[in-house]
Structures are given as C-alpha cells and as structure tokens.
Amino acid sequence: MSAAEDYGRYDPRANRSLAGLFADLARDLTGLVRTELELAKTEMSEKAGQAAGGVAFLAAGGFVAFAGLLVLLACAVLALSLVVQPWLAALIVGVAVVGLGVVLMLMGRNRLRPANLQPNRTMETLRDDKDWARDQLSR
C-alpha cells in the first residue's frame, strides 16, 4: 500500500492521547446508557398500558364471579328451604358463608404478620456480605 492510499484512510483518532480515547469512551458509553434508558422507559410505558387492560379484565371478571357466587348462595338457600323453613335455610347458609369468610380473614392476617414479611434470606445474605467485607479489610 502506498503512502497516498494511507492518506485517504487517515483516522484522526489514531494519534489521540490515551486521555482523549478515554474521554471518547466515556462520552460514547454515556450516550449508550441514555439510549438504553429511553428504550426501557418506552417499553415499560407500553407494558404498563397492556397491564392496565389486563387489570380491567380481571376486575370485570371478579365482579361477574361475585354475582355468580351470590346466585349460587341464593340457590343453596332455596334448595335448603325444601328441607327446613326458608328463614332457617337463609340463616344456615349465611352463618356458613360468614364462618368461611372469618377463617379466610384469619389466614390472611397470619400471613401479614411482620415476622412473616421480613426478607430473611436477604438479611442473611447481607450479614454474610458484611462479614466478608470485614474479613477483606482486616487482611
């Protein structure tokens, strides 16, 4: 290759200092991170819209299922009223449903106790990391 051909492909970055190259790297890396963050923000906005639509369908389904449950409870009262007085049938079904509701609420309350909500594995890992860092610094 002749010197004239090399002159046509001259790259001004080839003679740059190491500090200049690091400055270019930092600028390019910053631009890349900004672009990636914009992409992530745009994608998350799209996903949030999809999730909102899903939540709306879940809520509608929940309301319809609740209405169906009420109809089934009325059916249970009517069926039981063939055996006992209608008022007693309604009382029996009502007490059974309230009892089931109380049991479910107590189970939920037990799961929400502060001791059950602590991130035990994460806390143990953080303690291990602290011990490791202390050992590294004491060397």
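Student: What should I know about the model first?
Tutor: It is predicted: local features need pLDDT of at least 70, side-chain atom pairs count only at pLDDT 80 or more, and totals for chains, interfaces and linings use all residues. Residues are numbered from 1 along each chain as its sequence is written, and side-chain values use heavy atoms, with hydrogens and water left out.

Student: How many helices and strands does the protein have?
Tutor: Five helices and zero strands. Helices are DSSP runs (H or I, at least four residues), strands likewise (E, at least two), numbered from the N terminus. The order from the N terminus is α-α-α-α-α.

Student: Why is Asp24 called buried?
Tutor: Its relative accessibility is 12%. Buried means under 20% relative accessible area, exposed over 50%, partly exposed in between (1.4 Å probe, protein chains only). Asp24, at 12%, therefore counts as buried. Asp24 lies in helix H2, residues 18-80.

Student: What percentage of the residues is buried?
Tutor: Buried residues are 3% of the 139 in the protein. The accessible surface comes to about 12,200 Å² (Shrake-Rupley method, 1.4 Å probe; for residues, only the protein chains shown count as cover). Carbon and sulfur atoms hold 69% of that surface.

Student: Why is Trp87 called exposed?
Tutor: Trp87 has a relative accessible area of 58%, so it is exposed. Trp87 sits in helix H3, residues 86-111.

Student: How far is Trp87 from Val77?
Tutor: They are 10 residues apart in sequence. In space the gap is 8.8 Å, C-alpha to C-alpha.

Student: What makes Asp24 and Arg27 a salt bridge?
Tutor: Their side chains meet at 3.0 Å, N to O. A salt bridge needs a side-chain nitrogen of Lys or Arg within 4 Å of a carboxyl oxygen of Asp or Glu. The 3.0 Å pair of Asp24 and Arg27 therefore qualifies. Side chains of opposite charge can pair when their charged atoms come close.

Student: What else joins the side chains of Asp24 and Arg27?
Tutor: A polar contact of 3.0 Å. That term means a pair of N or O atoms within 3.5 Å; within protein, one must be able to donate a hydrogen and the other to accept it, and residues adjacent in sequence count only if both atoms are side-chain atoms.

Student: How are Asp24 and Arg27 placed in helix H2?
Tutor: They are three residues apart, so about one helical turn separates them. Asp24 is buried at 12%, whereas Arg27 is exposed at 52%.

Student: How many salt bridges does the structure hold?
Tutor: Three. One of them joins Lys41 and Glu38, with the closest N and O atoms 3.4 Å apart. Those two are three residues apart in helix H2, about one helical turn. Lys41 is exposed at 52%; Glu38 is partly exposed at 45%.

Student: What makes Arg127 and Glu124 a salt bridge?
Tutor: Their closest N and O atoms are 3.0 Å apart. Both lie in helix H5 (residues 120-138), three residues apart, about one turn. Arg127 is partly exposed at 42%, and Glu124 is partly exposed at 40%.

Student: Which residues make the nonpolar surface patch?
Tutor: Leu18, Leu21, Phe22 and Leu25 make a patch of about 420 Å². Patch residues have over 30% relative accessible area and no salt bridge; like charges are joined within 9 Å, nonpolar side chains (Val, Leu, Ile, Met, Phe, Trp, Tyr) within 5 Å. Leu25 is found in helix H2.
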